[in-house]
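Visitor: I would like to learn how the labels for this protein were reached. Could you show it to me, please?

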Amino acid sequence: KYKMIVVSNTTPLIGLASIQRFDLLQKIFGEVHIPQAVNDEVMTGRDKKKIKGTVEITSATWLKIVPVNDRIAVEVLLDELDLGESETIVLARELNANWVVMDEKKGRRKLGQMGLNKIGTVGVLLKAKEMKLIPNIRPELEQLHKNGFSLSQLVIEMAVRQAGE
């Protein structure tokens, strides 16, 4: 059976965990790889308001912490991105990932330049709805927004429309 290789950055993990939807990542992708920097960001919780999901994240057996080999590539990306994003992108390249779960605009732009497939938190929720794992996307998006996740009303409306709600 074909196994997808998926690498995730910090924000989608915390965002989904904060709305009790962390399990969707496993249901959609199976195993998810994260670099050490992402694990560290989750553990230290730079952003205390987002750190609701730490317990789910640390106890997930399907979340694999993988060390990044190419430290020089990480250093180069650090000019534009934070450590978590940089390691996520380099790890995705090293593992030849099918998907990278990332929300940050700069990181997504970089993934696009490198020809890596990207999906964000909203995309994961859309996929979950499509796979009938959740009944509606709007309440999930509203909850993310309430939890301080940066989602514009426009993005919410577009996603809801795309979900056919």
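Visitor: What makes helix α1 (residues 10-18) largely enclosed by the rest of the structure?

Guide: Nine of the nine residues of helix α1 are buried, so the helix is largely enclosed. Buried means under 20% relative accessible area, exposed over 50% and partly exposed in between, with a 1.4 Å probe and protein chains only. Among these buried residues are Thr10, Pro12, Leu13, Ile14 and Ala17. Just after α1, Gln20 takes a positive phi of about 55 degrees.

Guide: A word on the source: this is a predicted model, where local features need pLDDT of at least 70 and side-chain atom pairs count only at pLDDT 80 or more, while totals for chains, interfaces and linings use all residues. Residues are numbered from 1 along each chain as its sequence is written, and side-chain values use heavy atoms, leaving out hydrogens and water.

Visitor: How many helices and strands does the chain have?

Guide: There are 10 helices and five strands, counted as DSSP runs numbered from the N terminus (H or I, at least four residues, for helices; E, at least two, for strands).

Visitor: What share of the chain's residues count as buried?

Guide: Of the 165 residues, 48% do.
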